[in-house]
Amino acid sequence: MPTRDEILDIHNMCACSHTRMAARAVTRFYDEALRSSGLKGTQFVLLAAIEAGEATSITDLAELIDIERTTLVRNLQLLRKEGLVAPLKGLNGRRKPTLTEKGREALEAALPLWRTAQGEIEGRLGFGSWQVTRRRLGELRKAVS
């Protein structure tokens, strides 16, 4: 049976727990900031990643944003139902998601809201602290990959 101290260590020190709590809090913050656009933070980021055009397929996009392919496909299906994305044949006949005109308009409408939210995060942390945090999060992802 674990000791009370061991249990408290889980609560106080667990990287999984702390990163998940932080991720949920940040997600809620961006969801609220983007609410008037009709997009959630995760949808906004996905639309932006698609519009960046760096991925040549759904698999490439999943790797680019570090999300499970099946989760990405579900999210894309929801965005497709809303008329925000459409499939396009990419290289070697692989399907590549692209933004529809409605998707580009949604991204454009949400962009000022995102900029405000991003500025608020940077202001609360301090820009330098945000840069360090962003770098450290990248290091954490690499350490567990």
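**Cavity and aromatic pairs in a predicted model**

Good morning. The largest cavity in this structure has a volume of about 50 Å³. A cavity here is a set of points on a 1 Å grid over the protein atoms alone where a 1.4 Å probe fits but cannot get out; grid points are joined across faces, edges and corners, and the volume is the space filled by probe spheres set on the points.

The model is predicted, with local features needing pLDDT of at least 70 and side-chain atom pairs pLDDT 80 or more, while totals for chains, interfaces and linings use all residues. Residues are numbered from 1 along each chain, and side-chain values use heavy atoms, without hydrogens and water.

Two or more lining residues come from each of α3 (41-52) and β2 (95-99), where helices (H or I, at least four residues) and strands (E, at least two) are DSSP runs numbered from the N terminus.

I turn to the aromatic rings. How many aromatic pairs does the structure hold? There are 2, counting rings of Phe, Tyr and Trp (its six-membered ring) with centres within 6.5 Å; planes under 30 degrees apart are stacked, over 60 edge-to-face, and the rest tilted. Phe29 and Tyr30 are edge-to-face, at 5.6 Å centre to centre and 85° between the planes. The ring centres of Phe44 and Trp114 lie 6.0 Å apart with planes at 25°, so this pair is stacked. Phe44 belongs to helix α3 and Trp114 to helix α6 (residues 101-125), so the pair ties together parts 70 residues apart in sequence.

Key: 1 Å grid on protein atoms, 1.4 Å probe; cavity = no way out; pocket = protein on both sides within 12 Å on 5 of 7 lines; lining within 4 Å.
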